[in-house]
Amino acid sequence: MKTDTNFMLAFIDFADALELKHWLIDKYGILIRDASDFRGLDSHYFRIVTRTEKDDNQLVAAIREFKKWKEDNP
């Protein structure tokens, strides 16, 4: 199947992607794809779709906020 969407695979070392996924949905309504069921990957991988620069910047800011939240709530 051909797609015009650009996907990026990302790795998060300080949490599980599923935890990040739930946090992003609850806080921002942002959905990422947990990639832990992709062959050869583990629970720290997730997939995202590139969007507008504004959307991408919001995602990066939200992940930074999640990281800070994780540091404050071990």
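**Entry 1: helix pair**

I looked up how α1 and α2 sit against each other, and the two helices are roughly perpendicular. This is a predicted model. I noted an angle of about 115 degrees between α1 (residues 17–28) and α2 (residues 53–72). I count that as roughly perpendicular because the class runs from 65 to 115 degrees. The axes of α1 and α2 lie 11 Å apart. I also checked the hand of the crossing of α1 and α2, and it is right-handed.

Next I listed who makes the contact. From α1 I have Glu19, Leu20, Trp23, Leu24 and Tyr28. From α2 I have Leu59, Ala62, Ile63, Glu65, Phe66, Trp69 and Lys70. I sorted the α1 and α2 contact residues by class and found 9 nonpolar, 3 charged and no polar.

**Entry 2: largest pocket**

I then turned to the largest pocket, with a volume of about 350 Å³. I found 14 residues lining the largest pocket. Closest to its centre are Ile30, Leu31, Ile32, Val49 and Arg51.

Which element gives the largest share of the lining? I found that α2 does, with 4 residues. Strand β3 (45–49) and α2 each supply at least two lining residues.

By class, I recorded 7 nonpolar, 5 charged and 2 polar residues in the lining of the largest pocket.

Methods:
Residues are numbered from 1 along each chain as its sequence is written. This is a predicted model: local features need pLDDT of at least 70, side-chain atom pairs count only at pLDDT 80 or more; totals for chains, interfaces and linings use all residues. Side-chain values use heavy atoms; hydrogens and water are left out. Axes are lines fitted to C-alpha atoms, for helices over the stretch in contact, and angles run from 0 to 180 degrees between N-to-C directions. Angles under 35 degrees count as roughly parallel, over 145 as roughly antiparallel, 65 to 115 as roughly perpendicular and the rest as oblique. A crossing is left-handed if the near helix is turned anticlockwise from the far one by less than a right angle, and right-handed if clockwise. Contact means heavy atoms within 4.5 Å. Ala, Val, Leu, Ile, Met, Phe, Trp, Tyr, Cys and Pro count as nonpolar, Asp, Glu, Lys and Arg as charged, and the others, Gly among them, as polar. On a 1 Å grid over the protein atoms alone, a cavity is a set of points where a 1.4 Å probe fits but cannot get out, and a pocket is an open set with protein on both sides within 12 Å along at least five of seven lines; lining residues have an atom within 4 Å of a point. Grid points are joined across faces, edges and corners, and a volume is the space filled by probe spheres set on the points.
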